[in-house]
Amino acid sequence: MASKPQIGIVGFTGCAGCQLSILDLENELLDLLGLVDIIDFRMAMSGNKKGPYDILFVEGSIVNKHQEEELKELREKAKVLVAIGSCASFGGPQAIRNYRDNKKTKIAQYGKDNIDKVEVIKVKPINKVVKVDHYLLECPVNKYEFLDFVKYYLVGGTPTLPNYPVCQQCKAKGNRCIFLEDGIMCMGPVIQAGCDALCPSYGMPCDGCRGSTLEAAYDQQVQLMIEKGASVEDITRYILKYNGEDKQVHEFLMEKWKEQDKKLVYQED
Amino acid sequence: MLSKIISRQDLPKLIDALTNDFLVIAPTYDKKVPTFSEVESSSEVEFDILFNEKLPMLPPKKVFLPAKQTVFKYNLIKGVTDSCDEISDAVTHNKNVVIFGVSPCDVSGVGVLERIFRDNYSDDVFLRLHDKTTIISVNCLDHCYENCFCETMSSNDPKSGYDVMLTEISKSKLIAVPNSDKGKKILRDYPELFSQISEKDSEAYIDALNLKNKNFKTEFLVEGLASHVEDSFESEIWKEFTEKCLFCGSCTFVCPTCYCYTVKEIVSVDLKDGERQREWDSCYFPEFALVAGDHNFRETKEQRFRYRYLHKFVDLPRRYNFEGCVGCGRCVTYCPANIDVRDVLKKIIGVM
Amino acid sequence: MTASKDKEEISTYKTQPAEILAIRDLTDDTRYFKLRCKDITMNKDFQYRPGQFVIFSLPGVGEATFSLSSTPTRRDFIEFGIRKVGSFTEALFKLKKGDTIDIRGPYGDGFEMEDLRGRDLIIVSGGLGAVPLRSVLLYIEDRREEYNKVFFLNGARSPKDMLYKRDFIAMNQRQIIDTHLAVDEDDTGEWPYNVGFVTQLIPKLGELIDSENTTAIICGPPIMYKFVIQELLKLNIPKDQILMTLERRMKCGQGHCGHCAVGGRYTCLEGPVFTYYDVQHIKELI
């Protein structure tokens, strides 16, 4: 390797949990620093440089014009731009507001008198603003997936994410199927694997933080949830929790589920 | 073959004795899930899984073809190594292995996998594990639970694939029938646990086998199934079930005969070492038949749903003369969408 | 070629290192790779037939399958034509002359070139199909006297996408093989050959061949097969004399991973070369 790749890790609207997650790579962090130069990581260090980056990791979603401009500038300085976590990839929990009456949400959030003072546009995953080369999923981002990406980049390839549902990893680990056997509302069948079935392994339902798997069977999933007694509101909540701007979620909600849940109103730009 | 008698209360002693000499894998519960796991003493073995009509969720496949398996390890030098290491760590167990309590249908399932992995280029990784394993089967005298249809798939009386078969001939006694040198060795090596067979035991064994014969019923006829499935290529039945299916792949992972895998790469953080792994794949996943340039040979969900049946009930019988199904019913038990393989087949045959 | 003896000797996934002797751009996204096994004895043992394939292994990146484009009649090196389409090829394209790559194989059932002696041949290629068919063409070139009339129809999307263009034109000029080149679209305006699909070139061969004594060999994108086969059948070429090489996802090359199985056959074992007669009833094959 002639010179070490220059890496940046930046955050927009989100909880900064992804950046924290990367810092949490305690055992591997020193090895990682032997492979790359982290030149911009405002959460962790001072003396940050604003590019140019070989790889720029972006956390968080875009919620106002100012952020849009900043992200566009960053994109120009980055050879490879990677979205990390649910917010950057699919909008995150805050994208729920895209499906609610914007004015009402603003009043609830900022008070009646202040709604015009706050410039909140629609919540956008970063791919609605700039070209994204790769996605690293989970909430917060899977630190090992982050590490894998860096390793693969250095070896010369790009890692492929597992394009299959969480059920694969649940079965691989020999987990009890809480969706089938206990009637717990687990989103595993429609959600992209890669987390090693973290939540179901502890008896908790998958709540979908990795986004839809390829060709996710939302129709069938929702049908089963109804049979298991979930209400319309609950189902909307389960589906919308992290992935409001996931294409498949959006299509399912607006083309099919809207007939059931009349409260869904999508805010166009 | 010299069959012997073992008393039911000596089974724990047998397992304890085996753990001294083998790595023993037996049915246990792991967080309420019946499963095959490595045990260190008989106290960990759940005999009620064996004798109270339950099948471990994952079949013995998980021993030979686990969800993730290292194929080989290597060293990385500047991205490309001069040579790949020999398969070194593929055999993770240094001891020989005993799998205790394998049901007859699962014995048949292992047989299917063995044939597939021995055929053509024999697969070292699978066979090294398989060949150092002794399989002690526990016979079924009746359908073990409502989803079992082993008689239909004629898998409950395997003629090979096991080393010892234990059959209950009374509440307190089992007959141990060896079926290989490995099996004979077990009977020979633990003489204090096995006793000579008496005239009465022989009669009880015949009675038990007769009872087994009487108890097992076929649900539908498998003769001609391949043609039925093939002729139903354009049938509406596939669509009907495709509309229910989640395509989560659970059925393929719990299946004792589903063997498809994909290959992936693991690299250490210092980029010096790595390993190539194979990992369970499923024909129900969209990218299974995808090739470079984004052409997908099975683009629709209906094609994928149908393909699994074509492969199990047409392709495998034509190639190997056995179905890719042993009737264990796991895919029925663990399908979150409640799809029953028997319903699909019955509708195809036209008896439902 | 590979007798069963060879198969036994190849242990699962065992690779051998090969040196990259040359790399050259064929088109914007496709490159020529010339390799030689580092172990000279292995090199001699590396016997193959046109149509067979090799699995490349890049530690840290993975494995991928590539058709041989060289001919076994020219020894001591093997050649490939590889398009950059994914993460493996992306990494492969970063390698340079002199680097090493691990390979295993050859796998699959190739063309039985000896069985085609004395026959008229129609070789139809589309896009990347030219890679394995180059192997066939070079083989014929080296043993030209063994074959009767040989026609080669090669199609590509546009002039700049055509692989081995100069080689094929030279082959035609040397009057070794009657070569017809076609592009779907001529964006240069200077393409002196055919514009349109290769299928359109087939009917006019009717008068030139002896149908009963003709074998057709096809390789191209999946969409091409149906139309080409239709045209060939119109020329009364026997179904068992239409040979085609088919593509499938493959992970092992040894009939175990299940990805390439279709209609009870493994593309990696019984294929990739099939006769149309053998597979005409197999669904979802093409």
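**Exercise 1.** In this predicted model, find how many bridges join strand E3 of chain A to strand E4 of chain A, and work out which way the two strands run.

*Solution.* Start by locating the strands: E3 of chain A covers residues 53-59, and E4 of chain A covers residues 78-84. Next, look at the links between them: there are six bridges. Now follow the directions, and you'll see that the two strands run parallel.

**Exercise 2.** Work out the strand order of the open sheet in chain A, then say which strands sit at the edges.

*Solution.* Step across the five strands and you get E2-E1-E3-E4-E5, with parallel pairing. Then ask which strands pair on one side only: these are E2 (37-41) and E5 (134-136) of chain A, the edge strands. As you go from one strand to the next, the twist averages 25°.

**Exercise 3.** Which strands of chain A does helix H3 touch?

*Solution.* Find H3 of chain A at residues 65-77, where the helix packs on the sheet. Its contacts are with E1 (6-11), E3 and E4 of chain A. To finish, compare directions: H3 makes about 130° with E4(A).

**Exercise 4.** Describe the side of chain C that touches chain B.

*Solution.* Count first: the contact takes 36 residues from chain C and 43 from chain B. Then look for strands on the chain C side: E4 (62-67) and E6 (100-107) each supply at least two residues. E6(C) gives the largest share, three residues. Last, sort that side of chain C by type: 12 residues are nonpolar, 14 polar and 10 charged.

Methods: Residues are numbered from 1 along each chain as its sequence is written. Chains are lettered from A and ligands numbered from 1 in the order in which they are written. This is a predicted model: local features need pLDDT of at least 70, side-chain atom pairs count only at pLDDT 80 or more; totals for chains, interfaces and linings use all residues. Two strands pair if DSSP finds at least two bridges between them. Helices (H or I, at least four residues) and strands (E, at least two) are DSSP runs, numbered from the N terminus. Axes are lines fitted to C-alpha atoms, for helices over the stretch in contact, and angles run from 0 to 180 degrees between N-to-C directions. Two residues are in contact if their C-beta atoms, placed from the backbone, lie within 7 Å. Ala, Val, Leu, Ile, Met, Phe, Trp, Tyr, Cys and Pro count as nonpolar, Asp, Glu, Lys and Arg as charged, and the others, Gly among them, as polar.
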